[in-house]
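The sequence and structure are shown here.

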Amino acid sequence: MTTPDSAWTNLKKAAVAARDPIAGLFAIETDRLEKLVVEAAGLRIDLSKQPWSLGDFDTALTLAKVCDVEGARNRLWAGEPVNISENRAALHMALRAPDGADFKADGVLVSREVEATRNAMRAFAEAVRSGAKAGATGKPFKAIVHIGIGGSDLGPRLIWEALRPLNPEIELRFAANVDPSETALALAGLDPAETLVVVVSKTFTTQETLANAEVVRAWLRAALGPASDSHLVAVSAAPAVAQAFGVPADQVFGFWDWVGGRYSIWSAVGLSCAIGLGYDVFQRLLDGGAEMDHHFRHTPLLLNAPVLLALAHIFNRDGLDRPLRAVIPYAARLRLFPSFLQQLEMESNGKRVDQQGRPVAHATAASVFGDAGTNGQHAFFQMLHQGTDVIPVDFVAVAKAGEGEPVNHTILLANVIAQAQALMTGRSEADVREELTAKGLTPAEIDILAPQRTFPGDRPSSFILMDALTPEALGALIVLHEHKVFVEGVLWGINSFDQWGVELGKSLATRILAELQGGASGVHDPSTAALVARLK
Ligand code: F6P
């Protein structure tokens with residue numbers, strides 16, 4: 001009988017066993033495309049350029065089966081406390097489920113509260129957009145400053161940039177970093193009388209967010225006096241703390257401890273976007289997410305897009321010991337997708353012990369990096385093609401042009417297809433030598449140049465294609481990755497929903513801040529002590 005341990009052993013053995021180059025597998029496996037291209041919630045996900053044979057793919061599927069991904073998925077949906085170190089459910093699916101759903105967190109029905117919050121968001125968004133909710137001087141709001149960091153920033157920022165109108169009626173600015181330049185830039189040129197400030201913090205204790213909120217509240221008060229507190233909106237799972245900060249009670253939007261920060265864009269954390277884009281657009285984002293939820297929940301493992309994406313990652317990460325992954329959206333509007341994924345993947349799965357506190361048996365999350373294509377081609381693609389490490393790539397492409405010149409969109413598409421092809425097929429040294437010979441180079445020159453112009457190829461990639469960059473497609477893309485991360489966490493035996501690794505730096509920063517502000521010197525290692533002394 002296959003056990004999780006033996007399934008892992010089989011996967012690792014399969015990955016390192018001698019095999020044909022990826023490009024060669026298509027001739028041997030005539031049904032390769034049929035098996036390794038799946039459609040889900042309007043996305044086409046092509047995993048045929050991954051380094052697995054179809055036999056390896058079956059081995060990976062067996063791993064998912066025996067590690068009981070299906071059972072874990074049931075427990076997630078049932079609202080069991082899958083985040084066991086914090087004894088919480090992780091029910092972000094409830095936030096995007098259609099009205100009438102019956103999600104329960106730890107046995108308690110949450111769907112009605114979710115719907116009530118969505119209705120309140122819609123009403124508020126529409127009131128701001130129509131001018132019915134105006135500023136303290138009666139002027140309608142023309143700008144929103146969204147203050148938050150991590151999960152309270154990356155999702156809203158991504159969504160705004162991906163979907164924002166060319167000439168928005170209401171402009172969104174973001175302030176995440178505590179660097180005072182960030183708030184200065186966010187506020188530059190804005191009229192306080194026309195600016196709504198949305199402070200987003202699940203805990204309402206995050207140092208950077210509170211510091212920035214103080215700065216922006218002072219900016220409002222300096223211009224408009226105490227009445228400007230009506231320009232403050234808060235989104236938090238600690239609504240009482242937000243009210244204590246001075247946010248009017250009817251402008252505090254709640255969410256719940258069963259919503260992880262990096263899974264929270266579907267909650268009132270998306271309020272700024274719902275106002276800026278219009279609630280109907282936000283709803284379409286939720287609908288796209290819900291469609292991917294449905295796919296993940298009900299599709300057998302072998303056709304299940306998040307499961308297959310996770311298995312491809314694990315095949316590279318654990319089978320082939322590849323600690324990096326590049327994510328390249330060929331869409332300027334998706335430029336921030338890699339940074340969104342950095343939190344989603346690395347905060348969720350950058351863990352070294354399992355749910356019981358034991359060292360993990362397998363390497364966990366790869367480091368994610370990336371930028372929009374084609375920009376990345378002129379920056380770090382050299383390394384993807386010819387560096388000493390093989391770095392798997394996930395390409396994201398959009399079939400139809402949005403705004404702008406359609407010819408340029410075709411150029412964009414040609415590039416993304418070509419890059420995936422070039423990584424896989426490479427270019428042999430023999431081919432390069434032939435070309436250089438034809439150009440009349442001497443044998444000595446060719447000996448030097450040919451290896452430099454050779455592309456090893458056999459470098460894997462996934463290719464995610466959406467028809468158009470719609471709110472639904474973006475919602476589906478994000479949820480595809482949320483569930484991919486969940487499946488990986490199940491296979492690695494880790495908790496994808498906590499983040500203890502962020503705590504130590506936070507508490508040390510609090511102590512060092514006191515020292516920098518004139519408090520007594522603490523006990524530090526010599527390097528830290530010297531830095532504190534230098535900056536005091
Ligand atoms: O420090 C990490 C973190 O806790 C993230 O998980 C979270 O998204 C971010 O900080 C912001 O937290 P909050 O929404 O509570 O301000």
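## Ligand site

The ligand sits in the largest pocket. A pocket is an open set of points on a 1 Å grid over the protein atoms alone, with protein on both sides within 12 Å along at least five of seven lines; a molecule sits in it if more than half of its atoms lie within 2 Å of its grid points. The model is predicted, with local features needing pLDDT of at least 70 and side-chain atom pairs pLDDT 80 or more, while totals for chains, interfaces and linings use all residues. Residues are numbered from 1 along each chain, and side-chain values use heavy atoms, without hydrogens and water.

Around the ligand are 14 residues (a heavy atom within 4 Å), of which Ser152, Ser201, Thr203, Thr206 and Glu347 come nearest.

Oxygen atoms of the ligand lie 2.7 Å from a backbone N or O atom of Lys202, 2.7 Å from a polar side-chain atom of Glu347 and 3.2 Å from a side-chain N or O atom of Lys506. A polar contact here is a pair of N or O atoms within 3.5 Å. The protein covers 88% of the 390 Å² of accessible area (Shrake-Rupley method, 1.4 Å probe) that the ligand has on its own.

## Cysteines

The count of disulfides (cysteine sulfur atoms within 2.5 Å) is zero.

Methods. A polar contact is a pair of N or O atoms within 3.5 Å; within protein, one must be able to donate a hydrogen and the other to accept it, and residues adjacent in sequence count only if both atoms are side-chain atoms. On a 1 Å grid over the protein atoms alone, a cavity is a set of points where a 1.4 Å probe fits but cannot get out, and a pocket is an open set with protein on both sides within 12 Å along at least five of seven lines; lining residues have an atom within 4 Å of a point.
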